[in-house]
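Notebook open, model loaded. I wanted to look up how the chains sit against each other.

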There are 4 protein chains.
Amino acid sequence: MRSPIDDEIRDIFDRCAAIGEGQVATYISELATADPSAYGLCVMSVEGHCYAYGAVDVPFTIQSISKIFAYALALETRGFDAVDALIDVEPSGEAFNELSPDSRTRRPRNPMINAGAITASSLLPGEGPEQQVAALLSCLGSFVDHPLEIDERVYASEAATGHRNRAIAHLLRSVDVIGGDPMAAVDVYFRQCSILVTARDLALLAATLANGGVQHSTGRLLVSRAVLRRVLSVMASCGMYDGAGHWMTEVGLPAKSGFSGGILAVLPSQFGVASYAPPLNEHGNSVRGVAAFRSLSERYGSHLFEPRVGRLHTVRHRTRDAEDPGTVRYALQGDLDVAGTESVLWQLMTEPTGTRRVVIDLTATDRISGHAGELLAEMSRRYLVDGRTLEFVDPQELLVGAPDVARLL
Amino acid sequence: MRSPIDDEIRDIFDRCAAIGEGQVATYISELATADPSAYGLCVMSVEGHCYAYGAVDVPFTIQSISKIFAYALALETRGFDAVDALIDVEPSGEAFNELSPDSRTRRPRNPMINAGAITASSLLPGEGPEQQVAALLSCLGSFVDHPLEIDERVYASEAATGHRNRAIAHLLRSVDVIGGDPMAAVDVYFRQCSILVTARDLALLAATLANGGVQHSTGRLLVSRAVLRRVLSVMASCGMYDGAGHWMTEVGLPAKSGFSGGILAVLPSQFGVASYAPPLNEHGNSVRGVAAFRSLSERYGSHLFEPRVGRLHTVRHRTRDAEDPGTVRYALQGDLDVAGTESVLWQLMTEPTGTRRVVIDLTATDRISGHAGELLAEMSRRYLVDGRTLEFVDPQELLVGAPDVARLL
Amino acid sequence: MRSPIDDEIRDIFDRCAAIGEGQVATYISELATADPSAYGLCVMSVEGHCYAYGAVDVPFTIQSISKIFAYALALETRGFDAVDALIDVEPSGEAFNELSPDSRTRRPRNPMINAGAITASSLLPGEGPEQQVAALLSCLGSFVDHPLEIDERVYASEAATGHRNRAIAHLLRSVDVIGGDPMAAVDVYFRQCSILVTARDLALLAATLANGGVQHSTGRLLVSRAVLRRVLSVMASCGMYDGAGHWMTEVGLPAKSGFSGGILAVLPSQFGVASYAPPLNEHGNSVRGVAAFRSLSERYGSHLFEPRVGRLHTVRHRTRDAEDPGTVRYALQGDLDVAGTESVLWQLMTEPTGTRRVVIDLTATDRISGHAGELLAEMSRRYLVDGRTLEFVDPQELLVGAPDVARLL
Amino acid sequence: MRSPIDDEIRDIFDRCAAIGEGQVATYISELATADPSAYGLCVMSVEGHCYAYGAVDVPFTIQSISKIFAYALALETRGFDAVDALIDVEPSGEAFNELSPDSRTRRPRNPMINAGAITASSLLPGEGPEQQVAALLSCLGSFVDHPLEIDERVYASEAATGHRNRAIAHLLRSVDVIGGDPMAAVDVYFRQCSILVTARDLALLAATLANGGVQHSTGRLLVSRAVLRRVLSVMASCGMYDGAGHWMTEVGLPAKSGFSGGILAVLPSQFGVASYAPPLNEHGNSVRGVAAFRSLSERYGSHLFEPRVGRLHTVRHRTRDAEDPGTVRYALQGDLDVAGTESVLWQLMTEPTGTRRVVIDLTATDRISGHAGELLAEMSRRYLVDGRTLEFVDPQELLVGAPDVARLL
């Protein structure tokens, strides 16, 4: 017996396998040798369930997908101020290899174009390229829970032909965005692009981002909250080269693609998804990959801005106690997110004066987010001042930590 | 008694009132006469609860915020193919008044820069500027549930000085992106920018977008699902001029600002929020408005990519029937979104062979999204083939419409 | 009996007639109807000798060639300061229809690109388009010594399709480079481009420029010295669209071409030359025209920078008087230009002290330029102070006007 | 006794010495140490007369002025086709350090911007930087007739800070405009810019160019005709950075300036002129230098396009022989340039039929250029066919080499 979800994804996988368009990247000779028919798709839930199809264990070089992790690591180790002073976060509307800092005083437009990525590479922790690359390898290894390696042939090939990236590094040096030896920064960049991964690895990387930065199997928090929010934001606006706008309208997920044919996307709190298929479209994004993501997004309505008409009423029932008419009970449901909390508070505000006691039953509440607890506590205090009572039935102990809340049970 | 949320927002409002930076827009003379101290903030929940502070009922011209509604109306009436053939959806990395189509064969980069917006204006339904503007006024009137008007003095001022926009219209005409008389298109644009709104109106416009396109008080669906998804996507990537990337990283909500000092943002399924404060920063976005939105986003964790560590387990309890060991009960909770459905299916797949019957209790399930019902029905069929039984306790009738599902109760 | 020069030019004309490449301009529909086989070449000496081949009397619209005369007329009537404040004189490295003033504060790069030309049109003398065009027609009529007319169909066609030029005019208006109604300026421009001329007319226009601004047959000075110098300079650096550098290296003459297929070039003090052949190369210059000019320049060594090895010795003979050894005679030859005058003065300076008297014989001197007369007079005075004598044999009265010069004869 | 020309130039020199504006270049630290008050001016006639004022023997690094000689040497040794395939000749309208080849397939716009100059450096003859620089040093040494050296401290300073030039070299390498190691090409460029010269040296370099490529004192031809024409053309359109158009309109001479404060200009067949004064204007051209050249050009009317009204009549007298009415005598004067020859031929064509014999007296003719001899010979043949006679009085033997010409005397 197979899961119907498994069948559906396989069906999408199979239909996209038929797409023959696109060109394997040739800008470095080793990439040109990629098998154009290679094709893998891997969906990994935040609980670690894995749906894998085709060439999910074929290693290929990570290329530009490394940019998000180098940026994240630079942010974690140098801090936002130091990194933001050197790399902006605006979509560039330009090609990935644009000579971004050309207007002489400006930072690279964002960390996803080469200029910004090389700058991020220069900010990795460690002394010299060896240590810096080792730091990134170690970081990525924690995501996939096994050691990763560099493809020395691809690295040699990148190093032999990467004149444009060297030009960019010299330009960055000329405006002091990169300090020290610009060739060291570009060397780190060439190496990080040559890290070998599989589609399964990428899905695990994405799933960890989807899971709030916590690696599912090890339980380790690998990305801090602020860095993760930043990285997903940048992926959303700049991750898909100059096809970012189309991706956002059609797929609607934070993502990053690489010239070797990989794409990784994040459906927050739900899934990490990755594809591998070398032939690229004119924007440098994998043709079969884009098609598969578009189908998945459509099939599962997972676009960030998929409209939800109506909203679950947080207060499922409001009932006046038959025996004690001064008491009202609220049975809550769903999340106590901002809107949910606001909705409860609004109703509490508008209770008729005859209501002297409200009992809020959190038994069916899923989660409370932000500072809902504090707000309810504060409301409780105000009820008290008003000579009324606010009590909670909280079998899940969701309000633990919210002081001064009267809990029943 | 006031709601603590009310207090919190007022506190944010008050703190931002102290910000004295920014310059009132002067590019058209009538805008320059705006009161730099005018300041209003309005938060409107999808249920229609309204939190209003300061000058929320002061009328001002909508300016660029009109672009999203003109674009939406063009999409609704002309269809995606016709509009997409003329206006792209990529962030431009350029100023709002960039001569976007200059590379002679290309469409405007997106509908939020002037070139794209004027093109959208030319595609509004109706014969001639009068009818086209009337159509947009009628559309916007449906959102705010009262008639809107044009500020004739601002319109006259725009018309007198809008040479650059006329240049853009002629350029668009020269590459056949605009057909007919380009001066008619720019006239529509000048008029639509001169529509008078209040911050309360903008909050209502935003709340309707947040509510899946349904106007709360009238219950009318004003934006179709596909258009709404598109419009929110474009707002997310291009809505805040060339400060879009910073907005996305710091506030993280689809939004649109205008040169008269308004900003409108959408927190899907929860709130529409709007601010009004004429002094602008160097990107043309209201200084106090940006500050207020940043504080709100931080206070309530409402950034689109606010990480959520861990995920509610959709299967809250799995219990083997004490009396009938072949029967297992799943008590579900939360949303049956893709990941939730997947999680349930995964557990059903991995039930030991001794399990002959599974009863899924949907009593505490909030909502089911997408085609979760179909997937559960299909799983039910497969269980049957396997000689097992899958049954549902569905007091909310969430599975109505999913055929062939055995429902208990 | 025909002149061998006539034969040579005809030979060049015939060989270039065989060239079948190029495309007739289509950007306005009336130009597209031009006969691609039409071809004329006309060489006019500053003395008025005319060598004409092929379609030299076929009328066509002057198009961009009008730019140099509108610029000249604006300079003559408004003065350098007023015009230079609005139009720069730098080569743009850009296409003719570049939106030059886009960087918002800058003047059009030069008067040969459309932006600069439309600005020049706005500066023509007269109130309103009618008068301004009449002024230019009158000016051009003085060059060719007969009235010129506008092709109303081409004008109508330009007006119907000139959206890009209208865009440019609005942009210029938006940065106050054009004052008043930008549509009036562009209307003047459309009309001036539609003035009908023949290749013979163009050759006469060019010959007048070659002749120091003096129309050969009427003897009228039509361009002042400073304006002529300016106009030829601008033609040299910006006259041939973005093929200006190639033209300068290969042909080496100030020139201007138009999209209708005309080219006009100036060989100062010698010839005006014009060609007409509609098919254009990728730079918008007439293919047969460019080829003919290249051949003429090569055949006659008329490139501005054609090297001349060695220099005519201005002092042809220096002879000591056999009877009066204190007297030395200089027989001069050629032009007394700067270098010639310097050479004479240098020898006068280095005369041995035994030389008490120098007689300079100007009989064979062609012309004296600049202030050679003053310099010789000053030298004469210094000789006197030194107790020596400087006398001149000046049968052509070249030194008339140079005071205090002792003239023999 | 001093020459009045000497006095005049000194006066111009003195007046420009008072100009205190401009900034010494700081882009490499060694240049910043230049004495801002250093100032020299040197005028050298093609006959070798030298007028020198101020710091004409102070050595400074040649900087960008080296570009014209490296380009010339590349053309001489590689040929036009090879060089033109890699370096275009169009004015760029851009800054000197523009990343010219950025549009990925294109050659540098011209050899005067850094991108073109570095390409030219890569094409110098020799194996490796040492030999290539030695070749250029040897070439320049032949112009100034003494050995030149490199300023090792400036070279070291350029090498330490020239990140932007390295970026340009890598870009050129990335599009295969430079082959081999781009760092070798940029090293040659850094060294050539560090060659030490004086203003007197520059004047001699310019005078040699003015003298048709022949070094005055050694009599050696150092630049071939075609290369010299090319080099002067490129100097005229691109020699003065992005101030080329202003220089052409105001000074009107082929020239080249460098960031160390030198300017060199060529008045063909007359003078080479050079100035040295480190403070630069916003275009990177020496402020006092530009002022001095402008004054010199104005004072001596040496602008290339200085209008000459009227033209010397080549046929000074035409007289019918009193004794033999069938004979007519032409007394010529001035140059037999194209126009002069044409003028003579035209009159020969229009002789009345009664004229049976024409005697052309070349005694007072200065020079004949191009193929005037051949044309006269051909005319002579046609007269013969017509039964008439054409004879020449040619005491200077100007027609030697023109076959079949009947010479009297």
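First, a note on method: copies are superposed by least squares on the C-alpha atoms of residues with pLDDT of at least 70 in both, pLDDT being the predictor's confidence in each residue, from 0 to 100. This is a predicted model, where local features need pLDDT of at least 70, side-chain atom pairs count only at pLDDT 80 or more, and totals for chains, interfaces and linings use all residues. Residues are numbered from 1 along each chain as its sequence is written, chains are lettered from A and ligands numbered from 1 in the order in which they are written, and side-chain values use heavy atoms, with hydrogens and water left out.

**Confidence.** I checked chain A: its mean pLDDT is 92, and 94% of its residues reach 70 or more. For the complex, the predictor gives an ipTM of 0.93 and a pTM of 0.91.

**Symmetry.** I laid chain D on chain C and got an RMSD of 0.0 Å, with a turn of 180° and a shift of 0.0 Å along the axis. The two copies are therefore related as by a two-fold rotation axis. Both use the same surface, since 99% of the contact residues of chain D recur in chain C.

**The D–C interface.** How many residues are in contact here? I find 84 of chain D against 83 of chain C, contact meaning heavy atoms within 4.5 Å. The buried area is about 7,400 Å², with 60% from carbon and sulfur atoms; that is the accessible area (1.4 Å probe) the two parts lose on being put together, summed over both. M1(D), F305(D) and R382(D) supply 10% of what chain D buries against chain C, more than any other three residues.

**Salt bridges.** I count six between chain D and chain C, each a side-chain nitrogen of Lys or Arg within 4 Å of a carboxyl oxygen of Asp or Glu. One I looked up is R225(D) with E306(C), closest N and O atoms 2.4 Å apart.

Chain A and chain C do not touch; their nearest C-alpha atoms are 14 Å apart. No contact joins chain B and chain D either, and their closest C-alpha atoms also lie 14 Å apart.
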